Amino acid sequence: MEWMNKVMNMVAPPATFVTLFLFLPPFLLFKLFLSFLSLFFPENMSGKVVLITGASSAIGEQLAYQYAVRGASLALVAKREDRLHEVADTAREVGAPDVLVVPADVIRADECQRFVEITMNHFGRIDHLVNNAGIASLCMFEEILDITNFAPVMDVNFWGSVYPTYFALPHLKRSRGRIVVIASAAGWLPMPRMSFYNASKAALINFYETLRLEFGQEIGITIVTPGWIDSERFLSKEGEVRAETEIEGVRAGGVGLVLPCALCDKAGSDDLSKRILDAAGAKEYLCPASMQSPPLKSE
């Protein structure tokens with residue numbers, strides 16, 4: 001048995017390397033070709049149903065509008081019901097034939113099961129599940145006052161996507177639908193001051209990469225890893241949810257990037273960092289127009 005182990009140790013590594021060298025490049029080229037095809041032949045969303053978590057602001061809100069423009073019916077989920085109704089009204093104006101508002105907290109499994117059931121009872125199907133709900137954390141690890149206060153970062157960012165996926169799974173299999181996961185480049189490019197956020201997004205990416213292998217062609221999975229994204233709220237070192245303007249004049253982005261408030265038009269004109277960026281011309285590159293929300297156009 002020992003000689004067999006020695007032979008395998010000698011043969012397996014080079015054989016694995018040669019196999020990857022021969023088959024991985026063609027496979028990646030094939031995947032690239034398919035991605036180009038999807039640009040020219042996008043999925044027809046007319047008459048389909050999309051369930052979006054974290055739909056009250058930021059990425060979730062903009063995704064709702066883009067799906068609406070393409071004729072999809074929407075189920076919008078978030079904790080802030082008043083904001084959900086505002087998003088729903090706009091979505092109807094730009095083309096959504098039907099919009100369902102379901103206030104819920106994604107960190108509770110029972111509420112995730114409830115909003116999936118409500119969506120099914122209302123529409124009778126789910127074609128896309130968009131797991132977007134998330135929260136950022138912004139502080140050095142050693143500055144944390146109570147470590148238990150940061151459990152919600154993992155609860156929202158990881159379990160807040162896993163729970164809806166679990167309950168929507170049989171319906172997505174029936175429609176041969178798609179799961180869209182809003183992760184972050186921080187999942188593979190961690191930055192300081194956002195340790196819990198980085199870890200939660202890394203867990204999210206690896207979880208859904210695993211599901212890709214398990215589901216095969218039954219359910220499509222899209223993992224989105226955006227870079228800098230303007231965030232409305234995040235956890236401070238005290239473990240409190242605050243607005244970005246309340247934390248020492250900085251803003252947090254999707255990659256864990258901490259940028260001065262100068263990048264935001266809300267910053268005062270007397271802000272030193274704003275004047276520095278304006279003088280250096282850096283704002284054009286750090287926050288270009290391409291990163292802003294596009295104007296909505298009805299189709």
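## Two helices side by side

Helix α2 (residues 58–69) and helix α3 (residues 81–94) have axes that come within 8 Å and cross at roughly 25 degrees. Axes here are lines fitted to C-alpha atoms over the stretch in contact, with angles from 0 to 180 degrees between N-to-C directions. Helices are DSSP runs (H or I, at least four residues), numbered from the N terminus. α2 and α3 are therefore roughly parallel to each other (angles under 35 degrees).

Which residues meet? E61, A64, Y65, A68 and V69 in α2 meet R83, V87, T90, A91 and V94 in α3 (contact means heavy atoms within 4.5 Å). By class, this contact has seven nonpolar, one polar and two charged residues. Ala, Val, Leu, Ile, Met, Phe, Trp, Tyr, Cys and Pro count as nonpolar, Asp, Glu, Lys and Arg as charged, and the others, Gly among them, as polar.

## About the model

This is a predicted model: local features need pLDDT of at least 70, side-chain atom pairs pLDDT 80 or more, while totals for chains, interfaces and linings use all residues. Residues are numbered from 1 along each chain as its sequence is written, and side-chain values use heavy atoms, leaving out hydrogens and water.

## Aromatic rings

The structure holds seven aromatic pairs (Phe, Tyr or Trp rings, six-membered ring for Trp, with centres within 6.5 Å; planes under 30 degrees apart are stacked, over 60 edge-to-face, the rest tilted). The rings of F158 and W159 have centres 5.1 Å apart and planes at 80 degrees, so this pair is edge-to-face.

F158 is buried at 13% relative accessible area (buried is under 20%, exposed over 50%, partly exposed in between, with a 1.4 Å probe and protein chains only). W159 is partly exposed at 37%.

Key:
Parallel < 35°, antiparallel > 145°, perpendicular 65-115°, else oblique.
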